[in-house]
Amino acid sequence: MKPVLDGTVALVTGASSGIGAATAAALAAQGAAVALAARRKDRLEALATDIRDQGGTALVLECDITNEQQAAAAVEHTVSRLGRLDTLINNAGVMLLGPVADAPLPEWQQMVQLNVLGVLYCAHAALPHLLRAAADGPRQVADMVNISSVAGRAARHQARPSDQPVHSFTTLLADLGTICLNTIAPADPQLPARHRAHRSPAAGIRAARHQPPPRGRVVSTPARTSRKPR
Ligand SMILES: NC(=O)c1ccc[n+]([C@@H]2O[C@H](COP(=O)([O-])OP(=O)(O)OC[C@H]3O[C@@H](n4cnc5c(N)ncnc54)[C@H](OP(=O)(O)O)[C@@H]3O)[C@@H](O)[C@H]2O)c1
């Protein structure tokens, strides 16, 4: 059977480790050509080699997405080298969990610069390409998936000031024509990513292929949202 994402192109930010690397590999396994964006080029090259060894297509994009020019260039290189952009996974982010009181202000600034502005820079550059891909693509739809954190929904004694803006952005742009915009909010930073692979954005995208496209959802990895704070 033809892979479900055959003929499509995905850009994954933060693809050099963790959820981003697992998501890029999963998208490639489903037939998408993947652009891998992050700062650590050696790790991106290793993942790209793995993907190519499996018969996939991978493009390495060394970039810092807190820089708006570099974020835009990552999107433009994806389109110029791979021909289109059907899926944007805004995954790059930092987890700086700690008590709300006494949190160093630079940590909050770092979270906002990467987890919020980085998402907006990539989204802004990608939107015209996503709309075009949806119009002429095999699926007649494009996807943007933002990765936030359940700490933005049930923060209790910890706080990620960057999550709510991403959730609002997702909700506000939910009806953006042919682009399905959703957020996945992972729960447990202690769990190695491989244990959560079945909840990867790629799994969500695959599931969505068989249903009316979801829009504007902020989906937490369940099971752990009611856990008491440690
Ligand atoms: N793991 C969890 O349980 C969990 C829970 C809640 C939320 N999350 C969220 O899920 C996402 C992925 O988490 P993870 O656990 O997979 O983290 P991770 O392994 O630390 O991956 C973070 C990725 O972001 C990239 N990155 C960081 N700064 C960047 C920058 N300025 N420009 C471009 N890329 C940058 C990193 O690559 P380079 O260093 O090479 O640039 C890395 O690939 C994050 O947004 C995180 O906040 C994760």
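**Entry 1: the whole chain**

I began with burial, and I found that buried residues make up 42% of the 230 residues in the protein, where a residue counts as buried if 20 or more other C-beta atoms lie within 10 Å of its own, as exposed if 12 or fewer do, and as partly exposed in between, with C-beta atoms placed from the backbone. I noted that this is a predicted model, in which local features need pLDDT of at least 70 and side-chain atom pairs count only at pLDDT 80 or more, while totals for chains, interfaces and linings use all residues. Residues are numbered from 1 along each chain as its sequence is written.

I then looked up the secondary structure, and the protein has 6 helices and 7 strands, which are DSSP runs numbered from the N terminus (H or I and at least four residues for helices, E and at least two for strands). Along the sequence I read the pattern β-α-β-α-β-α-β-α-β-α-β-α-β.

I turned to strand 1 (residues 9–13), where 5 of its 5 residues are buried. In a regular strand the side chains alternate between the two faces of the sheet.

Which strands does strand 1 pair with? I found 5 bridges joining strand 1 to strand 2, and these strands run parallel; strand 1 also pairs with strand 4 (residues 87–90) in the parallel sense, over 3 bridges. For pairing, DSSP must find at least two bridges between two strands. Threonine 13 stands opposite alanine 37 in strand 2, and leucine 11 stands opposite leucine 88 in strand 4.

Strand 2 (residues 33–38) is in turn joined by 5 bridges to strand 3 (residues 58–62), again in parallel, with leucine 36 opposite valine 60.

**Entry 2: the nonpolar core**

I looked for the largest nonpolar core, which has 64 residues, and Leu11, Ala24 and Cys122 are among those with the most contacts inside it. Such a core is a set of buried Ala, Val, Leu, Ile, Met, Phe, Trp, Tyr and Cys residues joined through C-beta atoms within 7 Å. Helix 4 (residues 105–136) gives the most to this core, with 10 residues.

What does alanine 24 touch? Leaving out residues up to four places away in sequence, I listed Val12, Ala15, Val34, Leu36 and Leu47, where contact means that the C-beta atoms, placed from the backbone, lie within 7 Å.

Is valine 112 buried or partly exposed? Valine 112 lies in helix 4 and is partly exposed, because 16 other C-beta atoms lie within 10 Å. I also noted that the C-alpha atoms of valine 112 and proline 161 are separated by 7.2 Å, although the two are 49 residues apart along the chain.

Aspartate 175 lies in the loop between helix 5 (163–172) and strand 6 (179–185), and I recorded aspartate 175 as exposed because 10 other C-beta atoms lie within 10 Å.

How values were computed:
Two residues are in contact if their C-beta atoms, placed from the backbone, lie within 7 Å.
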